[in-house]
2 protein chains.
Amino acid sequence: MTNWKNLDTLDAYKALEATKGSVDIATAMAGENGGTRVAKYNVPMAAGLAYNFAAKQVDDTVLEKLAALAKESELVEKFEELYNGAVVNTGEKRLVLHQLTRGQLGQAVTADGVDKRTFYAEQQKRIAEFATKVHNGEITNAAGEKFTTVVQIGIGGSDLGPRAMYIALENWAKKNGTFKMDAKFISNVDPDDAAAVLASTDVAHSIFILVSKSGTTLETLTNESFVKDALAKAGLDASKHMIAVTSETSPLAKSDDYLAAFFMDDYIGGRFSSTSAVGGAVLSLAFGPDVFARFLDGAAAEDQTAKNTDIMKNPAMLDALIGVYERNILGYEATGVLPYSQALSRFPAHLQQLDMESNGKSVNRFGEPVSYKTGPIIFGEPGTNGQHSFYQLLHQGTDIVPLQFIGFKNSQLGTDVDIQGSTSQQKLCANVAAQIVAFACGKDDENSNKRFEGGRPSSIIVGDRLEPEALGALLAHFENKVMFQGFLWNINSFDQEGVQLGKVLAKKVLAHETEGALKVYSDMFNI
Amino acid sequence: MTNWKNLDTLDAYKALEATKGSVDIATAMAGENGGTRVAKYNVPMAAGLAYNFAAKQVDDTVLEKLAALAKESELVEKFEELYNGAVVNTGEKRLVLHQLTRGQLGQAVTADGVDKRTFYAEQQKRIAEFATKVHNGEITNAAGEKFTTVVQIGIGGSDLGPRAMYIALENWAKKNGTFKMDAKFISNVDPDDAAAVLASTDVAHSIFILVSKSGTTLETLTNESFVKDALAKAGLDASKHMIAVTSETSPLAKSDDYLAAFFMDDYIGGRFSSTSAVGGAVLSLAFGPDVFARFLDGAAAEDQTAKNTDIMKNPAMLDALIGVYERNILGYEATGVLPYSQALSRFPAHLQQLDMESNGKSVNRFGEPVSYKTGPIIFGEPGTNGQHSFYQLLHQGTDIVPLQFIGFKNSQLGTDVDIQGSTSQQKLCANVAAQIVAFACGKDDENSNKRFEGGRPSSIIVGDRLEPEALGALLAHFENKVMFQGFLWNINSFDQEGVQLGKVLAKKVLAHETEGALKVYSDMFNI
């Protein structure tokens, strides 16, 4: 068994504190030494990706102390306990098994009387068979016509991750002949969301996926009834157009209201569910089961790297350690995620949930308040759009914001134009390379308004092309980074009690059981 | 003439510092007094909106000191100088006239030998005539067929603002019979962006708007050539499908390559350009000139409120003052923008640019470094989606993040379902009301993991329904808030020198004039 201790009680952490301010990246990244550093501070990932941290405020001494921290925190051992089935989600007394949805990292894990890897693999297989029948026309609408669209109804983790993954591969799949069906998403309880999606959807040729682990999520059931109304108005039998992704114990599991039901369980947190049936149903229907399998392979391969005790071979652990160094020792409060890829336009929104919901906590695993900062604010937008927007503050604002770039050598579609001697893809890559150096090194100027201080740290994940394996690896990298950071902070990254109070008070408003401020706000909205 | 002084040199600021920690909102918002407070701390805006700041960490004493700060900073007087044509953008030595694109707030402003209000109104009129001819079928494609789609090609301010406004009114316009044409946007230099938009666009029936003030923005010209290629491949004459929005002195202004050109000028910053021809062309084509005129009317009416010296009648100034209080005295580093409206899904991204690009500065108007924090990080996502995502950190994380909610009593489309005794719209409104109180008051619990500290400040802008006037008022509110905060920080909110260094280095990469770190990164991307 490992020891769970607060970060600030560890000797290695105290040793690390002494290194604060020891690395000036403006100097380290300058001249020929800068080039050497970029080549050296590069860690291979799965699917041909690499994590480069040359522009972070670390050097060999800091890395040595980060390695000592990893060891004293027993990060890899804790990961081992997790994938071997320990009750790591202590708040809800649950196992944490999302890695098992894509591979077997350690010993067999039995829960609810079954082997869990077998269970998840079986669901993937059932989904693959169902999707293939839909694509083949063996499963059709009542008129015998093929389904052309799949609509996911879910919120939070049942929405952001699968949506981000769909957007990431949509154009790639179209280009590569594996695009099977359009996917759409209904999530917000705002009635304008469901109404607008349905107004632009050919419901007669659509399969709707209701995603709710408990089968009782109010927003999702509300949106389901929107969909049922639309199907009824079109004279269609809803039960021939809907499938469920839920737990085996939910009221949806065996209901005749659904064409089929595919299962996840309590050991897959919503924000970690993209590789489970939650992502599997919609992505397999949209792109075919083979593409989804390739996505899982990439994630599984990346998970393997997270088992390495050597920080230079464990990119997620290193990324996590550097993030904690920046948060707790260097004192930075936010992290920007900046993919230079339009396909990753909603990836930052997914990471925002993944990271902030997992590690936005103030008490440790034993319920004791921690006396250090935990998860940072995560925000971001794709590449050059951000450059023409909020990068002003990142370059010249009064706070330093560590950055996480992502870039690919090649575009997904391969359609390009040559203007002023370079392609768009070359311009895109030139921009991200330039930004890293601009943030790190800055530039002096007589006019202080045009002066760039530099010393602003960033890392970059570089890949060849955003394909399913690379996307899976990217997703797993961040899931594992968030997990390792939770271990370092000694918090439970797998519950979300902070979302409960709002739900309780909203119910009071709807039941008109309010007084004081809540009543006046309710009146303001004529509720 | 007003006096431009650093915030920390003002007597009123020193007086304000003494109030730090004096207001406990968990107490202030509790019980019947909480209700009184919500009713009292409410400032009317234009278009039926109201700014409610009851859940902010202020009381009558703090408000009195904020009023004194507004007076000593001469905020309203500085605004008056701005709209009367002073060179407020000192870095670029330019007037700042975006308010003139929607109304005349003060005396006539002459620049470049013309009356500027007349000039902007004339462009609006020319756009309206052009749009009407397109809608009537007087201007058609070469085959004499009506245009059905408009595609905006622009980046940064030429993209985010107009795109957010289009999304905000798209469904409303469809519902209300004023929807004329689909609008699409190409912005990123990523070739996959342009390729994907063009692949899903019927170019033969599309008008493309090239937006570039200088006519030389590399990203925009690159994307223009993507479009020209697509038109040429379809056997179409590009000059019959493209219009330009540019300055009168740009190479695009009189080029035969465009069907028409509409003008803005150097006095309209990109991020403030939604009410100029930059937003006007695409929104007038999409929704008709009357809808665009209503949007401008809302903005103009809101601008009028920003002239009031009384902080309780000037919502933008009050919002600005509270924001500075939170940033500089209470020490908060970020602000979340959380619209409970799917239609405002991209409004936070627009505000992110507006605010961070304007006020992410470290030197004052005289080029001297300031010794206090300026613009915060801005991030956000729509309503209940955020609740199921990053709200965990907002409720229970180790940092306090001030929040700006936006909500409407009624949905745009009016299509709704009643589930468990309430409509979706009621659930949506109940949620935002509940969140404000949950953040402010918190809740104790024996289990520390389920404990909510409270004391987390928020404000809300409440409206009846998101229609063009309300959207205009909302936009103007934030533009004016950002302006007033720039005045308080004594910085120039209207330039963006921080985006230059990246551009310079990217050119070096493309010219292969690199060494050291930049060369190794370039090699990594095979540039």
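User: Which residues of H17(B) do residues of H11(B) meet?

Analyst: This is a predicted model, in which local features need pLDDT of at least 70, side-chain atom pairs count only at pLDDT 80 or more, and totals for chains, interfaces and linings use all residues. Residues are numbered from 1 along each chain as its sequence is written, chains are lettered from A and ligands numbered from 1 in the order in which they are written, and side-chain values use heavy atoms, with hydrogens and water left out. Helices (H or I, at least four residues) are DSSP runs numbered from the N terminus, and contact means heavy atoms within 4.5 Å. From H11(B), Val291(B), Arg294(B), Phe295(B), Gly298(B), Ala299(B), Glu302(B) and Asp303(B) meet Pro468(B), Glu469(B), Leu471(B), Gly472(B), Ala473(B), Leu475(B), Ala476(B), His477(B) and Asn480(B).

User: How do the residues of the contact of H11(B) with H17(B) divide into nonpolar, polar and charged?

Analyst: Ala, Val, Leu, Ile, Met, Phe, Trp, Tyr, Cys and Pro count as nonpolar, Asp, Glu, Lys and Arg as charged, and the others, Gly among them, as polar. For this contact of H11(B) with H17(B), the division is eight nonpolar, four polar and four charged.

User: At what angle do the axes of H11(B) and H17(B) cross, and what does it make them to each other?

Analyst: Two packed helices are described by the angle between their axes and the distance between the axes. Axes are lines fitted to C-alpha atoms, for helices over the stretch in contact, and angles run from 0 to 180 degrees between N-to-C directions. The axes of H11(B) (residues 289-305) and H17(B) (residues 468-489) come within 6 Å and cross at roughly 40°. Because angles under 35 degrees count as roughly parallel, over 145 as roughly antiparallel, 65 to 115 as roughly perpendicular and the rest as oblique, H11(B) and H17(B) are oblique.

User: Is the crossing of H11(B) and H17(B) left-handed or right-handed?

Analyst: A crossing is left-handed if the near helix is turned anticlockwise from the far one by less than a right angle, and right-handed if clockwise. The crossing of H11(B) and H17(B) is right-handed.

User: How far apart are the axes of H12(B) and H17(B)?

Analyst: H12(B) (residues 315-329) passes H17(B) in a right-handed crossing. The two pack at an angle of about 50°, and H12(B) and H17(B) are therefore oblique to each other. The distance between their axes is 8 Å.

User: Which residues of chain A lose the most area to chain B?

Analyst: The contact takes 133 residues from chain A and 133 residues from chain B, and 100% of the interface residues of chain A are also interface residues in chain B, so the copies meet through the same surface. Buried area is the accessible area (1.4 Å probe) that two parts lose on being put together, summed over both. Between the chains it is about 11300 Å², with 63% given by carbon and sulfur atoms. Together accounting for 7% of what that side buries, the residues of chain A that lose the most are His388(A), Tyr521(A) and Phe525(A).
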